[in-house]
Amino acid sequence: MSESRGTSPIILTLALLGVCFALAYGAYLTTRPAPAEEIQGGDVQIVSKGEAFDYTKHLAAGKYTIFDYYADWCPPCRVLDPQLRRLAADRPDVALRKVDIVDWTTDVVRQHSITDLPHLEIYDPDGKLIATGEDAFGTLEKIFHIEVF
């Protein structure tokens, strides 16, 4: 008869996978914000789900227009979403335009040269681009007095 020499490598591997899964799921739950659907009101529109689009047709005259490039699989995007929706709901001078990149191979990614997420573009009430990319987060704090990250 064979003699047992401790815990099997297969059992150790399965236990390690279980721990990794539990940690990953816990991280997902802690980065998941309150459902955005609970935030009602405001000028919020989804303008693209991966397709190229003409941003000028989605600028809100007389309002700051924020284009939020995001993906459903992006944890920081899920954290930012309710903050931007709340801003649009609280401020009648803000319009939020959501652009779902879907994945890195879509037309909208190439059209707007998106290299990281979340990515914001902020236009003033006259339709002039005032901030994009990393600079947009500082602009949100400066103009709207909100800190997003």
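Author: Buried means under 20% relative accessible area, exposed over 50%, and partly exposed in between (1.4 Å probe, protein chains only). Strands (E, at least two residues) and helices (H or I, at least four) are DSSP runs, numbered from the N terminus. This is a predicted model, in which local features need pLDDT of at least 70 and side-chain atom pairs count only at pLDDT 80 or more, while totals for chains, interfaces and linings use all residues. Residues are numbered from 1 along each chain as its sequence is written, and side-chain values use heavy atoms, with hydrogens and water left out.

Reader: Why is β3 largely enclosed?
Author: Because 7 of the 7 residues of β3 are buried, the rest of the structure largely encloses it.

Reader: Which way does β1 run against β3?
Author: Parallel: 6 bridges join β1 (residues 43–49) to β3. Strands count as paired if DSSP finds at least two bridges between them. Asp 43 stands opposite Ala 95 in β3.

Reader: And how many bridges join β2 to β3?
Author: There are 7, and β2 and β3 also run parallel. Phe 67 has Arg 97 in β3 as its bridge partner. The chain goes from β2 through α2 to β3 in a right-handed β-α-β crossover. Right-handed means that, with the strands pointing away from the viewer, the path from the first strand over the helix to the second runs clockwise.

Reader: Switching to cysteines. How many disulfides are there?
Author: A search of the whole structure finds 1. Cys 74 is joined to Cys 77, S to S 2.5 Å; the criterion is a pair of cysteine sulfur atoms within 2.5 Å. The link is right-handed, with 75 degrees about the S-S bond.

Reader: Is Cys 74 buried or exposed?
Author: Cys 74 is buried, at a relative accessible area of 5%. Cys 77 is buried too, at 4%.

Reader: Last one: which residues touch the most other members of the largest nonpolar core?
Author: Ile 66, Val 94, Leu 120, Leu 140 and Phe 144, out of 16 residues. Such a core is a set of buried Ala, Val, Leu, Ile, Met, Phe, Trp, Tyr and Cys residues joined through side-chain atoms within 4.5 Å.

Reader: What is Phe 144 in contact with?
Author: Leaving aside neighbours within four places in sequence, Phe 144 is in contact (heavy atoms within 4.5 Å) with Tyr 64, Ile 66, Leu 87, Arg 91, Val 94 and Thr 139.
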